[in-house]
Amino acid sequence: MKQTRILFAGESAAIATTHIKGMDSFTHYSYGEASRYILPKLREQGIEIDYLPCHDVMAKFPLTMEELEPYDCVVTSDLGSNSLLFHPEVLRSHTKPNRLALLRDYVKAGGGFLMIGGYMSFAGVENKARFHDTELEEALPVEVLAHDDRVELPQGFCARAVDPQHPILNGLPEVFPTMLFYNKTLVKPGAQTLLINQDDGRSDPILAVWQYGEGRSAAFTPDCAPHGAPPEFLNWEYYGEFFARIIRWTAGQL
């Protein structure tokens, strides 16, 4: 099998915690990479990964098609549109390429793209991810809402296969382990829905894919890390294989 190389951007956070004790308070800071759940599992599946945590995206995410060409697929997860739009030089009033348009053109020319859900994916919490009506939305198989799109299901839900014979799902269980969250989206005409949430009478897309120009893209609307992905999903024996299959499908290798 051909070696699959991807650029994975997102799934990290700097965290400030303030302790208030009567008249006094203090703040401490920490840093975490939720990518630690998915990246090792992808590497076990033979995926070669270049990783950009969220704080590196503004300065280091590719600006040209030539920089993207070595990658079979680009994956973003819990990374809002502003981090891609604002290169540090733009904040100093210098022009730089629009990387949302660049990603769209990369897919159209034959690249693969996967967006994984989270509070800074699709529309996101309080619509702060804000991918609605952007160039990158054009390449996605789903329409992004123009408002907070979180579907919080603390009781849990199970995604169910619509097309279990699709190469991404063939041989996997038709009912997935429990998850707690996803971003609500609308499947575009011409796109294919592979997984849905049928619990509580819903039929929202959980995994949608399509061909865009010469390339392919996919939208997995739940999370790949806590809180939306609980231990039942993270420890699922097919967790890494499932995401590797999506990546290889978008790369035209499956």
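I count two residues as in contact when they have heavy atoms within 4.5 Å.

**Entry 1: ground rules**

I am working with a predicted model, where local features need pLDDT of at least 70, side-chain atom pairs count only at pLDDT 80 or more, and totals for chains, interfaces and linings use all residues. My numbering runs from 1 along each chain as its sequence is written, and side-chain values use heavy atoms, with hydrogens and water left out. For helices (H or I, at least four residues) and strands (E, at least two) I took DSSP runs, numbered from the N terminus.

**Entry 2: His166**

I started with His166, which sits in the loop between strand 8 (150–161) and strand 9. Buried or exposed, I wondered about His166? I use buried for under 20% relative accessible area, exposed for over 50%, and partly exposed for in between (1.4 Å probe, protein chains only). With a relative accessible area of 5%, His166 is buried. Setting aside residues up to four places away in sequence, I found His166 touching Gln192, Leu194, Val209 and Trp249. I also checked the C-alpha atoms of His166 and Leu194: they are separated by 7.7 Å, and the two residues are 28 apart along the chain.

**Entry 3: Thr185**

Next I looked up Thr185, which lies in strand 10 (residues 185–187). Its relative accessibility is 1%, so I count Thr185 as buried. Again not counting residues up to four places away in sequence, Thr185 touches Phe122, Val142, Glu143, Pro205 and Thr221.

**Entry 4: the cores**

For a nonpolar core I take a set of buried Ala, Val, Leu, Ile, Met, Phe, Trp, Tyr and Cys residues joined through side-chain atoms within 4.5 Å. The largest nonpolar core has 40 residues, and Leu42, Phe176, Leu207, Phe220, Phe242 and Phe243 have the most contacts inside it. Which helix gives the most to this core? I found that helix 8 (residues 239–250) does, with 7 residues. There is also a second, separate core of 32 residues, which includes Tyr71, Leu100, Leu136 and Trp210.

I then listed the partners of Phe220, leaving aside neighbours within four places in sequence. Among them are Leu114, Met115, Ile116, Gly117, Met179 and Ile206, and Phe220 is also in contact with Phe233, Phe242 and Phe243.

**Entry 5: aromatic rings**

I pair rings of Phe, Tyr and Trp (its six-membered ring) if their centres lie within 6.5 Å; planes under 30 degrees apart count as stacked, over 60 as edge-to-face and the rest as tilted. By this rule I get 15 aromatic pairs. Phe176 and Trp236 make a tilted pair, 4.6 Å centre to centre with 55° between the planes. Phe176 lies in strand 9 (residues 175–183) and Trp236 in the loop between helix 7 (231–234) and helix 8, so this pair ties together parts that are 60 residues apart in sequence. Both Phe176 and Trp236 are buried.

Trp210 and Tyr212 have ring centres 6.0 Å apart and planes at 25°, so I call that pair stacked. Trp210 counts as buried at 14% relative accessibility, and Tyr212 counts as buried at 14% as well. I also noted one aromatic cluster formed by Phe176, Phe220, Phe233, Trp236, Tyr238, Tyr239, Phe242 and Phe243.

**Entry 6: backbone**

I found a cis peptide bond joining Pro226 and His227, with omega about 10°. His227 is in the loop between strand 13 (215–220) and helix 7.

Arg130 is not a glycine, but its phi is positive, near 55°. I placed Arg130 in the loop between strand 6 (112–116) and helix 6 (135–139). Its relative accessible area is 38%, so Arg130 is partly exposed.

Asp78 is not a glycine either, and its phi is positive at about 55°. Asp78 sits in the loop between strand 5 (73–77) and helix 4 (81–85), and at 21% relative accessibility counts as partly exposed.

**Entry 7: the largest pocket**

Asp78 turned up again here: it is one of the residues nearest the centre of the largest pocket, along with Glu11, Ser12, Ala13 and Cys54. The lining has 20 residues. Strand 2 (13–21), strand 3 (24–32) and helix 2 (54–60) each supply at least two residues of that lining, and strand 2 gives the largest share, 3 residues.

Definitions and conventions
On a 1 Å grid over the protein atoms alone, a cavity is a set of points where a 1.4 Å probe fits but cannot get out, and a pocket is an open set with protein on both sides within 12 Å along at least five of seven lines; lining residues have an atom within 4 Å of a point.
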